[in-house]
Amino acid sequence: MNFENKHCDEDLKQKIRFRKTYVKTVPVFKNKSVKAILALCLSFCLLVIGAIGCAKRETIHIGVQNDNELKIMAEMASLLLQEQGYPSQIIEIDDGLQTLHSAVLGGNIDMYPGFTGEGWSDILNQKETYRKTRLSELKKQYEKMNMQWVGVLPAYSLYTLAVRKETADKYNLKDLSDLAKVSKNLTLGSSLTDLERQDSIHLLEEIYDMDFKTTKVMESDQFIEALKNQSVDVIPIRSNDGRIKNSDFVTLIDDRMALPESSPGFVLNDQLLEDDPQLESALERISSMISANDLSEMNRRTKQEKEDPRAVAREFLQSKGMLPQVSYGNRNQSCE
């Protein structure tokens with residue numbers, strides 16, 4: 001994407017980094033007549049492609065935060081759009097949801113995958129806890145900003161806290177009310193984001209009257225290992241996080257329903273849908289095929305087994321018949 005053409009401000013440029021671009025290689029021919037014929041063929045093909053594709057469809061830029069599940073969603077969208085003839089490129093933004101949202105508002109990025117609960121609290125600044133019954137209200141508020149939520153998955157997850165099994169057994173912990181009674185004996189591991197969010201740790205402390213012995217600030221990617229090696233006793237986690245399956249961890253029930261429900265979906269600039277309404281149906285196909293368990297398992301594979309998110313996303317789409325089994329090269333390229 002050409003930032004000058006997209007009118008991207010200097011601050012935003014520093015916060016956006018592009019995914020690697022893919023360049024196809026072509027064989028080298030020494031025979032001049034063969035070269036000439038190939039050149040004519042290539043020119044003709046480019047003219048045809050330009051007439052039927054590039055003239056109507058510019059590259060769709062998909063922004064994504066540093067979140068594993070959202071990266072998988074971005075890759076699925078990119079692969080599926082490319083299969084249906086939409087050139088696409090993934091752009092990683094490290095500075096959080098506000099920067100990503102501003103990039104879409106400003107037209108520097110066309111769309112991004114996000115969680116409904118975070119959109120409700122972080123973008124709309126709503127004080128009430130997000131529940132899936134508020135989805136229509138969430139969509140209406142985004143429409144006022146000329147943006148649309150599309151392809152929201154039914155794969156709702158609940159934020160909660162997890163402990164080691166030995167800790168749960170020692171204190172007889174089943175829910176967050178149980179945890180609150182012994183929180184003064186335990187160390188919480190938390191990211192700076194979780195500590196700053198009003199619908200996360202602060203909300204738990206207020207509703208459950210939790211008061212942990214100490215709090216260690218770390219990146220969310222370090223939570224599982226920190227809990228495993230006993231450097232912390234409690235961590236925040238999504239209830240459907242695949243990394244806690246078949247482990248010695250116990251997720252505690254949010255018995256007072258303090259924490260928000262959330263579900264991944266795609267946020268698009270209105271203009272994108274106006275230019276090509278068929279985009280919506282393409283993205284809705286993803287939400288109709290994926291379950292909470294599917295996303296959980298893909299998250300586990302990329303986190304624990306270090307598999308490439310794009311490869312995992314491709315395999316899932318192929319298993320659902322949404323992509324052909326054989327890939328004919330990478331089409332993550334833009335029309336010039």
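**Helix packing and loop residues in a predicted model**

Asn125 is found in the loop between helix 6 and helix 7. The model is predicted. In it, phi of Asn125 is near 55°, a positive value in a residue other than glycine. Most residues other than glycine have a negative phi. Asn125 is also exposed, because its relative accessible area is 55% and the cut-off for exposure is over 50%.

Two packed helices are described by the angle between their axes and the distance between the axes. From helix 6, the contact involves Thr116, Gly119, Trp120 and Ile123. These meet Leu135, Glu137, Leu138 and Tyr142 of helix 7. By class, the contact of helix 6 with helix 7 has five nonpolar, two polar and one charged residues.

Lys306 is exposed, with a relative accessible area of 67%.

Lys303 belongs to helix 15 itself. Its relative accessibility is 18%, so Lys303 counts as buried under the 20% cut-off. Lys306, by contrast, is exposed. Neighbours within four places in sequence aside, Lys303 is in contact with Asn68, Asp221 and Arg243.

The chain as a whole was also examined. The protein chain has 336 residues, of which 49% count as buried. Its secondary structure comprises 16 helices and 12 strands. Contacts between residues at least 6 apart in sequence were then considered. Of these, 77% join residues at least 24 apart. The protein chain exposes about 17,500 Å². Carbon and sulfur atoms supply 50% of that area.

Methods:
Residues are numbered from 1 along each chain as its sequence is written. This is a predicted model: local features need pLDDT of at least 70, side-chain atom pairs count only at pLDDT 80 or more; totals for chains, interfaces and linings use all residues. Side-chain values use heavy atoms; hydrogens and water are left out. Helices (H or I, at least four residues) and strands (E, at least two) are DSSP runs, numbered from the N terminus. Buried means under 20% relative accessible area, exposed over 50%, partly exposed in between (1.4 Å probe, protein chains only). Contact means heavy atoms within 4.5 Å. Accessible areas come from the Shrake-Rupley method with a 1.4 Å probe; for residues, only the protein chains shown count as cover. Ala, Val, Leu, Ile, Met, Phe, Trp, Tyr, Cys and Pro count as nonpolar, Asp, Glu, Lys and Arg as charged, and the others, Gly among them, as polar.
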